[in-house]
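Thank you for letting me take a few minutes of the meeting. I would like to walk through one structure with you, going slowly from one contact to the next.

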Amino acid sequence: MRIARFSTDDGVAFGVVEGDVISQIAGHPFGQIQFSGERFPLAEVRLVAPMLPSKVIAIGKNYVDHAREMGSEPPGEPLVFSKPSTSVIGPGEAIAYPVKLSERVDFEGELAVVIGRLCRDVPVARAHEVVFGYTCANDVTARDLQAKDGQWTRAKGFDTFCPIGPWIETVLDPADLAIKTEVNGEVRQDARTSQLIHDIPTLIAYVSAVMTLIPGDVILTGTPAGVGPLDIGDEVSVTIDGIGTLTNRVVSRD
Ligand code: MN
């Protein structure tokens, strides 16, 4: 099932996308879904971020080739950092390039896991029970600030630096999906999720051993090789088989 959030003249709601129709959900999409009865042509609504998470947890250097392109070997344990909830935007929204503070902003296409249940200390074998679904993400990163600061809060945390979408696919085996990032139509990252060093159950167990996860929380699973800079005016797309394509353009902040 494809769960989206969308905006109409009446406000923002969750919906289920089937073909070119979106059926409005009454309330939230966790547990048993109740429909409002309203249906809209998909082309007539504006999709927004499919979830507003309480937190976004991300994993660094979780593909061998990307760790090497960053000049390091992959870490033995997952490398965990976070992005503020205010960095989240949806499909079609603009990534705001913070021109006063950074001269190097990179795309990082990633598979994102959306949590569906309140949980803590989840065993690897039960991790699938707390997954709501999967979506595409772009872990936008001010690479110069990442190097300069020695930790990543500013580099990863600007408003608009976490596009997610276009929707959440709830029925999907994430073990071996093609993931591709394009800039202005040119393929820049092309990999498979089977190349993840630490798989999704391992990441859920690892993160939930530290912090309680809340329905809607998002875990970004890391980016493959091929990361590179964005310029103002670029259009960047992340496509994952079985989910769809997340497209955002880059504008200047201020
Ligand atoms: Mn990343």
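Let me begin with charged side chains: this structure, which is a predicted model, holds 14 salt bridges. One of them joins Lys 83 and Asp 139, whose closest N and O atoms are 2.6 Å apart. If you look for the two partners along the chain, you will find Lys 83 in strand β7, residues 79–83, and Asp 139 in the loop between β12 and β13, so this pair ties together parts that are 56 residues apart in sequence.

Now let us step back to the whole chain, which is divided into domain 1, covering 2–48, and domain 2, covering 56–252. Taken over C-alpha atoms, the centres of the two domains are separated by 25 Å. Where they meet, 9 residues of domain 1 are in contact with 14 residues of domain 2, and the two domains bury about 940 Å² between them, with 65% of that area on carbon and sulfur atoms. On the domain 1 side, Arg 2, Ile 3 and Phe 30 supply 62% of the area buried against domain 2, which is more than any other three residues supply.

How many salt bridges cross the interface of domain 1 and domain 2? The rule finds 1, and a salt bridge also joins the side chains of Arg 2 and Glu 169, at 3.1 Å from N to O. Between the two domains there are also 3 residue pairs in polar contact. The elements giving two or more residues to the side of domain 1 that touches domain 2 are β1 (2–8) and β5 (46–48), and β1 gives the most, with 3 residues.

Methods
Residues numbered from 1 in each chain as written. Predicted model: local features only at pLDDT ≥ 70, side-chain atom pairs only at ≥ 80, totals over all residues. Heavy atoms only, no water. Domains from an automatic or database assignment. Contact = heavy atoms within 4.5 Å. Buried area = accessible area lost by both parts, 1.4 Å probe. Salt bridge = Lys/Arg side-chain N within 4 Å of Asp/Glu carboxyl O. Polar contact = N/O pair within 3.5 Å; in protein donor to acceptor, adjacent residues only side chain to side chain. Helix = DSSP H or I, 4+ residues; strand = E, 2+ residues; numbered from the N terminus.
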